[in-house]
Amino acid sequence: MNEQATKRLTMAQAIIAFLKNQYVERDGREQPFFAGCFGIFGHGNIAGIGQALQQMPEFRYYQARNEQAMVHSAAAYAKTKNRLQTFACTSSVGPGATNMVTGAALATINRLPVLLLPGDIFARRNVAPVLQQLESEHTQDISVNDCFKPVSRYWDRIMRPEQLLTALPEAMRVLTSPAETGAVTLALPEDVQTEAYAYPDAFFRKRIWHIPRNRPDRHSLEQAAAWIRASKQPLIVAGGGVLYAEATDVLQDIVDQAGIPVGETMAGKGSLRFDHPLNLGAIGATGTFAANRVARDADLVIGIGTRYSDFTTSSKTAFQNPEVHSININVTPLDAYKQFALPLAGDAKVTLEELLTLLDGYSVDPNYRTNAEQLHTAWEEEVERIYTIRNTPLPSQGELIGAVNELSDPSAIMEYGYSCMGYEIAGGLGIKMAAPDHDVYVMVGDGSYLMMNSEIVTSIQEHYKLIIVLLDNSGFKSIGALSRSLGQDGFGTRYVYPHNGRWPTDAAGADVQTLPVDLAANARSLGAHVIECKTYADFVAALNTVQTTDRTSVIYIQNDRYVAIPNYEGWWDVPVAEVSEMSSVQAARAEWAAMRAVERYFLEQ
Ligand SMILES: Cc1ncc(C[n+]2csc(CCOP(=O)(O)OP(=O)(O)O)c2C)c(N)n1
Ligand SMILES: [Mg+2]
């Protein structure tokens, strides 16, 4: 008979008691893995996880306004902490749970750890259907929480309290694995949450999960060094993995020593200082001409911590050298093998350290280096040109972004929300919670603001000051431009009244009836300090004023819908209708077909 000491806890209490004792350690630095639990209570979690959080206040509970938002906050927090710390998120059953699906997808796609604890339908079933229960004629073993399966890296439904003893260690293995991390979902039937079980005391002992820095295969590493030495025009594509692995210093060492220029992905922004002479800026569809020109002719692409999304590769048109081949440094084999690359499956920091030694004495041709540096300078001049546009009557988005860039503290944090509308404010909150000593600037469009502005309230409740720059252009400037490029004239992208049952496109110009929406008043009603601006000068003044405001502040300004920047030789495959009665669409289709023909496979090795 096993005489283990035990403690009777509800399943929900056991979860919280377990989570608060999970730590991670990397490079000798140890910290708790969970910063607490976001949650919104309903019948699916109030008496279970809600009661447990109440009983264990040392595991801090944070109230959110919207379940999607709290998962965004958790993911942004985890990103800022280089994935070494995150939040649990608890929701009720049904709509509270499915509200988290978008957040789960965002976290998993971006390889960011979040632990989701949605309430689930009764395991004992006698009272079914519980309010909001999805029913099926072919099984009773289904609920809306099954929607989390494809967007979770680990998914489980806890039908008996003792299942935690094997489920929670699995959840932690996945959450703390640099290669596997993403959303982890434990669906918790509302009755089982409240049921007690005699859990072994040992289950609740402090556990430290070592975050490994795996090294790639030695042979492959030597081959990679030989490829780099043999290359004439190598290019580094730096992704989020550089940041998560804290490999920025060694990346700079390699760049300085070998003279290889760098293009950055969205998640990799900041891998190398923006003013480093070999930083060519963003690469791909949303990239700079500097990075895109070097990419076009590169004979060797060295991807580091990138998943090669279509933005990065200009939909597989970015690399046009017929001989081009790739080396991928990535902790995740799925990514390491992309583009038929030589895979260096390992942690970016230790891999680059080993590569640095193997490349001792190697440097690119001085002309190649000089050319890249000149492109860097030319790009800086182009940025300056955009920043100094003074468009009237409404300022351009570019000059406003420039003002924020120039007037914010160099250590301030701005975050790109993976192009998920609704992410910005919730994500900004997570970042501020992770880096409370830094200014956090949230730049958000009117469309995205209208989708989810709710966490302004949470930021005020928890005294986390955000600086929100709200750029109002009465609709979707970005998708409006995309629409025009597809020959569709901005259809459905303006916030105006329909006219005689039809949607005014851009052809209607100013001859439209705008909506009676006052976003500044909306922000004020949520408790924010709001500064309304009309001109660029007002905007600059507001950016100074917000330095001293005492709470979340919103700088509201209208901006021009049409002033745009060029595409800088990047491309994005958005397929155009093959047949259409609109001649503008036919013309766009012809243009698209020409670019589509340039898309390529990578088969060189
Ligand atoms: C949740 C979600 N829905 C739809 C989209 C597609 N989309 C991308 S940008 C955009 C418009 C954003 O408008 P706004 O926030 O006002 O910014 P603007 O483009 O006007 O600068 C849309 C609809 C998306 N990225 N995310
Ligand atoms: Mg807009």
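1. In this predicted model, an oxygen atom of ligand 1 is 2.9 Å from a polar backbone atom of Gly475. Another backbone contact involves Ser448, where a polar backbone atom is 2.9 Å from an oxygen atom of ligand 1. Ser419 also takes part through its backbone: one of its polar atoms there is 2.7 Å from a nitrogen atom of ligand 1.

2. On its own, ligand 1 exposes 590 Å², and the protein buries 72% of that area. H17 supplies the largest share, with four residues.

3. The shell around ligand 1 holds 14 residues, of which Ser419, Asp446, Gly447, Lys477 and Ser478 come nearest. By residue class, the shell consists of eight polar, four nonpolar and two charged residues.

4. A separate point concerns strand S6 (residues 86-91). Is this strand enclosed or open? Six of its six residues are buried, that is, under 20% relative accessible area, so S6 is largely enclosed by the rest of the structure.

5. The pairing of S6 can be followed strand by strand. Strand S4 (residues 34-39) pairs with S6 in the parallel sense, over four bridges. Within this pairing, Phe34 has Thr86 of S6 as its bridge partner.

6. S6 also runs parallel to strand S7 (residues 114-120), and four bridges join these two strands. Here Ser91 stands opposite Pro118 in S7.

Technical notes:
Residues numbered from 1 in each chain as written. Chains lettered and ligands numbered in written order. Predicted model: local features only at pLDDT ≥ 70, side-chain atom pairs only at ≥ 80, totals over all residues. Heavy atoms only, no water. Buried < 20%, exposed > 50% of the residue type's maximum accessible area, 1.4 Å probe, protein only. Pairing = 2+ DSSP bridges. Near = heavy atom within 4 Å. Polar contact = N/O pair within 3.5 Å; in protein donor to acceptor, adjacent residues only side chain to side chain. Areas by Shrake-Rupley, 256 points an atom, 1.4 Å probe, with all protein chains shown as cover. Nonpolar A, V, L, I, M, F, W, Y, C, P; charged D, E, K, R; others polar.
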